[in-house]
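Me: I would like to go through this model with you. Could you take my questions in turn?

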Amino acid sequence: SSSPSPSLDRNVGLYLDINPGMNRTGINMDLVDDMIRIIELCGSSFRGFHFYEGHLTQSDYKQRLDCAYDAYGRLMEVLERISESGVLASSSSSSS
C-alpha cells in the first residue's frame with residue numbers, strides 16, 4: 001500500500017542513513033528499491049548519504065582496513081544501483 005508523502009520543509013536537507021552492518025541505525029544495504037523510493041519522496045530536499053563504519057574495531061590494522069574496504073565496496077554497489085535508477089538526477093532537479 002502506498003502512503004501519502006509527508007509534507008516536508010524544502011529548506012531542510014535530508015540524508016539517507018545506510019546501515020554499514022552495525023545494525024543500530026540506517027536502512028539495510030539490501031533494500032535498494034526502498035532507498036530509491038525514499039529519495040523520490042524527498043525530492044529536492046535529498047542531500048546525500050550517511051555511512052559510518054564505527055563498528056569496525058579490530059585491533060589488527062590490516063584486518064580493520066580489509067573490513068572497511070569490504071563495507072565501502074558494498075556501499076559503492078548500492079550507490080551504483082541507485083545512480084543507475086536515475087533517481088539522483090530527478091531529485092536534484094525536482095521542485096515538488
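This is a predicted model: local features need pLDDT of at least 70, side-chain atom pairs count only at pLDDT 80 or more; totals for chains, interfaces and linings use all residues.

Me: Which elements does the chain have, and in what order?
Reply: The protein chain has three helices and two strands (DSSP runs, H or I of at least four residues and E of at least two, numbered from the N terminus). From the N terminus the order is β-α-β-α-α.

Me: At what angle do helix 1 and helix 2 cross?
Reply: The axes of helix 1 (residues 32–42) and helix 2 (residues 61–85) cross at roughly 50 degrees and come within 10 Å. The axes are lines fitted to C-alpha atoms over the stretch in contact, with angles from 0 to 180 degrees between N-to-C directions.

Me: Which residues meet there?
Reply: Val32, Asp33, Met35, Ile36 and Ile39 of helix 1 meet Val78, Arg81, Ile82 and Ser85 of helix 2, contact being heavy atoms within 4.5 Å. By class, this contact has six nonpolar, one polar and two charged residues (Ala, Val, Leu, Ile, Met, Phe, Trp, Tyr, Cys and Pro are nonpolar, Asp, Glu, Lys and Arg charged, the others, Gly among them, polar).

Me: Changing topic, how much of the chain is buried?
Reply: Of the 96 residues in the protein chain, 25% are buried, meaning under 20% relative accessible area with a 1.4 Å probe, protein chains only.

Conventions. Residues are numbered from 1 along each chain as its sequence is written. Side-chain values use heavy atoms; hydrogens and water are left out. Buried means under 20% relative accessible area, exposed over 50%, partly exposed in between (1.4 Å probe, protein chains only).
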